Amino acid sequence: MYNKTLGYDRRRFQRLSLNVEVIYSIKEPMGARIAIGDMDIQAQMIDLSQVGLAIATKYNIPAGTLLSIRFDLAKMNEKGTASFYQAIKVAGDVRSNIKLSKDEYRLGICFLKIDDKDKAMIEEFVSMALGH
């Protein structure tokens with residue numbers, strides 16, 4: 001992302017725009033978990049990188065909230081047939097919350113805990129999609 005103030009992209013990892021369903025739940029703090037509910041919540045992934053993702057959700061979740069997130073990614077073979085990786089599960093920290101509309105928020109999430117196998121799948125998926 002180009003930063004007008006700094007004049008350059010401050011991200012170290014390129015993001016891939018996506019429209020993928022994610023399921024997340026709030027782990028901490030307890031206040032957010034109680035206010036929103038101890039449940040699985042469906043949202044849409046907006047973008048993905050090796051170190052994080054952004055989602056669009058109807059819940060106003062504050063920065064610093066810890067989430068458990070799961071989603072699926074597909075890959076295409078040479079024949080154009082899609083196959084799915086196993087469900088990817090990560091723990092993430094909400095780093096930003098931007099109100100998009102009356103009932104929609106964009107959450108920027110940094111991965112805190114991710115299995116090495118899931119990390120490798122994300123890296124492969126993003127790299128292939130970006131043509132690297």
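**Close-ups of a predicted model**

**View 1. Asp47 and Arg106 pair up.** Asp47 makes a salt bridge with Arg106, and their closest N and O atoms sit 3.4 Å apart. (A salt bridge here is a side-chain nitrogen of Lys or Arg within 4 Å of a carboxyl oxygen of Asp or Glu.) The pair links distant parts of the chain, with Asp47 in strand 2 and Arg106 in strand 8, 59 residues apart. Strands (E, at least two residues) and helices (H or I, at least four) are DSSP runs numbered from the N terminus. Both Asp47 and Arg106 are buried, where buried means under 20% relative accessible area, exposed over 50%, and partly exposed in between (1.4 Å probe, protein chains only). Arg15 joins in too: Arg15, Asp47 and Arg106 are linked in a network of salt bridges.

A note on the model: it is predicted, so local features need pLDDT of at least 70 and side-chain atom pairs count only at pLDDT 80 or more, while totals for chains, interfaces and linings use all residues. Residues are numbered from 1 along each chain as its sequence is written, and side-chain values use heavy atoms, with hydrogens and water left out.

**View 2. Arg70 meets Asp40.** The side chains of these two, Arg70 and Asp40, form a salt bridge at 3.3 Å, N to O. Arg70 lies in strand 4 and Asp40 in the loop between helix 1 and strand 2, so the pair ties together parts 30 residues apart in sequence. Arg70 is partly exposed, with a relative accessible area of 35%.

**View 3. Asp93 and Arg95.** Here the closest N and O atoms of the salt bridge between Asp93 and Arg95 are 2.7 Å apart. Asp93 counts as buried at 13% relative accessibility, whereas Arg95 counts as exposed at 51%. A search of the whole structure turns up five salt bridges.

**View 4. Inside the nonpolar core.** The largest nonpolar core has 29 residues, and Leu48 and Phe71 have the most contacts inside it. (Such a core is a set of buried Ala, Val, Leu, Ile, Met, Phe, Trp, Tyr and Cys residues joined through side-chain atoms within 4.5 Å.) Among the elements that each supply at least two residues are strand 1 (16-28), helix 1 (30-36) and helix 2 (116-129). Strand 1 gives the most, with six residues.

**View 5. Around Phe71.** Leaving aside neighbours within four places in sequence, Phe71 is in contact with residues including Val22, Met45, Leu48, Leu53 and Ile122. Contact means heavy atoms within 4.5 Å.
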